[in-house]
Amino acid sequence: MTTLTEAAPAAPAKHKAEAGTALPPARGQSFLKLVTVELRKSLDTRSGRVLVAAILLIALAAMTWQITHLGEGTVGFDAFLGAGTVGTMLILPVIGVMAMTSEWTQRTALTTFTLSPRRVRVQLAKFVSAVALSAVVMSVVVAFGFVFTALTSALTDHATTYAGLGGQLAGAYLTMALNVVMGAAFGAVIAQTAVAILVFFIAPTAWSLAGPALFKDNANYLDVFSAFGRIAERDLHGMLPETLTAIGVWVVLPTIVGLWLSSRREVK
């Protein structure tokens, strides 16, 4: 009688290639991580740093001029905020344009969308990062305004006031955000930095000049600059439909079209 027990069959050995490639599943990038990466990309280039520095220097120069040309009476914080934000509002949208066109003009789209294939998600991160960076720049300009208002009180005989501060800041930040989103939307649609910047400045300006001559009061429905002005003043002057229509045509519609085009644009 046999007393030997049958040995259990040995488990098949893994092939060396299989053992070498057994990696843990890749984790998807969080949206916050994408926003952080886009913020860093906006400031890593010389053009990005120069643009931010130029905005701050222009705001500083405008407020310096303002404090040296004070009129009679009480000086309000809004005088310095207004002086500093004129140039700021004009140039800040370029941050949005450059954020959306950098992948295509610098030929890094293949790398970016290989690492993050969900293009719309990446583009939305670019929108958020452009607005966030612009908000930081705007906050520095606002800080300049507080400093110059305090200097006016300390160095001159003028009385100063901060009346309506909350409304002024809300209008400034909201207008800034809409401006930057509009610039980013144009960049997403056109994808070429120089052309996008040119169209962004020329198209709404041309309408604001030619529209009233062609369509009279109805031109207000597409006058985005007037809409931004009403929002900044926190007073729509009974023109809510005109304001919403202008924002929809110049901000919302290009954003939707830009996201759609970006998701289908050929990557080279």
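Biologist: How near do the axes of α4 and helix α5 (residues 93-105) come, and at what angle do they cross?

Modeller: In this predicted model, the axes of α4 and α5 come within 4 Å and cross at roughly 20°. In general, a pair of packed helices is described by two quantities, the angle between the axes and the distance between them.

Biologist: Is α4 roughly parallel or antiparallel to α5?

Modeller: Angles under 35 degrees count as roughly parallel. With the crossing at roughly 20°, α4 is therefore roughly parallel to α5.

Biologist: Which residues make that contact, and how do they divide by class?

Modeller: From α4 come T88, M89, L90 and I91, and from α5 come P93, V94 and I95. By class, the contact of α4 with α5 has 6 nonpolar residues, 1 polar residue and no charged ones.

Biologist: How do the axes of α3 and α4 cross?

Modeller: Helix α3 covers residues 46-67 and helix α4 residues 77-91; their axes come within 8 Å and cross at roughly 150°. Angles over 145 degrees count as roughly antiparallel, so α3 is roughly antiparallel to α4.

Biologist: Is the crossing of α3 and α4 left-handed or right-handed?

Modeller: The crossing in which α3 passes α4 is right-handed.

Biologist: Which residues of α3 and α4 meet?

Modeller: On the α3 side they are L51, I55, I58, A59, A62, M63, Q66 and I67; on the α4 side they are A79, F80, A83, G84, G87, T88 and I91. Sorted by class, the contact of α3 with α4 has 11 nonpolar, 4 polar and no charged residues.

Biologist: Now a single residue. Where does G145 lie, and is G145 buried or exposed?

Modeller: G145 lies in helix α7, which covers residues 119-155. Burial is read from relative accessible area, and buried means under 20%. The value for G145 is 0%, so G145 is buried.

Biologist: What is G145 in contact with, beyond its neighbours within four places in sequence?

Modeller: With those neighbours left aside, G145 is in contact with M63, F77 and F80. Of these, M63 in α3 and F80 in α4 also belong to the residues through which α3 and α4 meet.

Biologist: How far apart are the C-alpha atoms of G145 and A83?

Modeller: They are separated by 8.9 Å, while the two residues are 62 residues apart along the chain.

Biologist: Turning to the backbone, what is phi of K216, and where is K216 found?

Modeller: Phi of K216 is near 55°, a positive value in a residue other than glycine. K216 is in the loop between α9 (193-215) and α10 (224-232). Its relative accessibility is 60%, so K216 counts as exposed.

Biologist: And what is phi of H237, and in which loop is H237 found?

Modeller: Phi of H237 is near 55°, again positive in a residue other than glycine. H237 is in the loop between α10 and α11 (240-264). At 46% relative accessibility, H237 counts as partly exposed.

Biologist: How many helices and strands does the protein have, and in what order do they run?

Modeller: There are 11 helices and 2 strands. From the N terminus on, the order is α-α-α-β-α-α-α-α-β-α-α-α-α.

Biologist: What share of the residues is buried, and what share of contacts join residues at least 24 apart?

Modeller: Buried residues make up 38% of the 268 residues. Of the contacts between residues at least 6 apart in sequence, 75% join residues at least 24 apart. The protein exposes about 15,200 Å², with 67% of it supplied by carbon and sulfur atoms.

Terms used. Residues are numbered from 1 along each chain as its sequence is written. This is a predicted model: local features need pLDDT of at least 70, side-chain atom pairs count only at pLDDT 80 or more; totals for chains, interfaces and linings use all residues. Side-chain values use heavy atoms; hydrogens and water are left out. Buried means under 20% relative accessible area, exposed over 50%, partly exposed in between (1.4 Å probe, protein chains only). Contact means heavy atoms within 4.5 Å. Accessible areas come from the Shrake-Rupley method with a 1.4 Å probe; for residues, only the protein chains shown count as cover. Axes are lines fitted to C-alpha atoms, for helices over the stretch in contact, and angles run from 0 to 180 degrees between N-to-C directions. Angles under 35 degrees count as roughly parallel, over 145 as roughly antiparallel, 65 to 115 as roughly perpendicular and the rest as oblique. A crossing is left-handed if the near helix is turned anticlockwise from the far one by less than a right angle, and right-handed if clockwise. Ala, Val, Leu, Ile, Met, Phe, Trp, Tyr, Cys and Pro count as nonpolar, Asp, Glu, Lys and Arg as charged, and the others, Gly among them, as polar.
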